[in-house]
Amino acid sequence: MADAAITTTPATPPHPLHPFDVLLQLDKRIRERVPVAVTGAQQSEIRGRLALRLGAWNLLFSMDDVAEIIPVPHITWVPGVKRWLLGIANLRGKVISVTDLRDFLTGRPTTRLPGSQIVVVRAGEWDYGLLADEIIGMRHFGPQHRLPSLDNVDEGLRPYVSEGFSNNNQHWLVFDTGKLLADPGFLNAAS
């Protein structure tokens with residue numbers, strides 16, 4: 001009886017993962033560790049959120065709202081729009097608007113930093129790019145970290161904050177992108 005021939009295919013070198021894919025893998029591993037009996041409210045507290053810096057604010061975005069994170073692309077200016085709408089960009093053949101979120105919230109434009117990136121959020125068929133100063137990574141907070149009040153949140157940011165957390169003398173504010181994307185002031189960028 002002849003030995004069976006063993007054929008091997010050359011291994012392809014692994015491709016480096018995109019930073020957003022790494023975050024998704026981390027989020028998946030954490031969710032797999034959560035007991036099945038955990039309620040929805042507890043699940044949202046255990047599940048990680050994307051942490052980013054916008055000026056002096058530390059914001060948390062739900063991973064359900066984030067489509068992807070990209071480097072700042074080439075942005076084409078659009079005439080006749082408000083200053084905070086930086087323009088449009090091509091994202092793999094799809095046109096997205098790119099917004100200076102801090103300028104929209106405060107009226108003060110963002111200075112682009114070397115670490116600036118675009119957080120792409122989705123609302124139905126539309127994708128919106130939001131300029132962030134820095135993507136920090138994933139953060140997890142439990143009920144013991146919850147801020148008792150949001151009274152000290154800046155006035156321009158307050159309508160979009162659903163809750164806040166404190167850890168190591170830093171405040172982290174949960175940014176509700178659904179409220180932003182439903183805001184007529186945000187959707188009507190014509191000047």
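Rings of Phe, Tyr and Trp (its six-membered ring) pair if their centres lie within 6.5 Å; planes under 30 degrees apart count as stacked, over 60 as edge-to-face and the rest as tilted. The model is predicted, so local features need pLDDT of at least 70 and side-chain atom pairs pLDDT 80 or more, whereas totals for chains, interfaces and linings use all residues. Residues are numbered from 1 along each chain as its sequence is written, and side-chain values use heavy atoms, without hydrogens and water.

**View 1. Aromatic pair of Phe-104 and Tyr-160**. The structure holds 9 aromatic pairs. In this one the ring centres are 6.3 Å apart and the planes stand at 55°, so the pair is tilted. Phe-104 belongs to helix α3 (residues 101-106) and Tyr-160 to the loop between β8 (134-139) and β9 (161-167), 56 residues apart; helices (H or I, at least four residues) and strands (E, at least two) are DSSP runs, numbered from the N terminus. Phe-104, at 17% relative accessibility, counts as buried (under 20% relative accessible area; exposed is over 50%, partly exposed in between; 1.4 Å probe, protein chains only). Tyr-160 is also buried, at 7%.

**View 2. Aromatic pair of Phe-141 and Trp-172**. This tilted pair has 6.2 Å from centre to centre and 40° between the planes. Phe-141 lies in the loop between β8 and β9 and Trp-172 in strand β10 (residues 170-175), so the pair ties together parts 31 residues apart in sequence.

**View 3. Surroundings of Val-81**. Val-81 lies in the loop between β3 and β4. Leaving aside residues up to four places away in sequence, Val-81 touches Ala-189, Ala-190 and Ser-191 (contact means heavy atoms within 4.5 Å).
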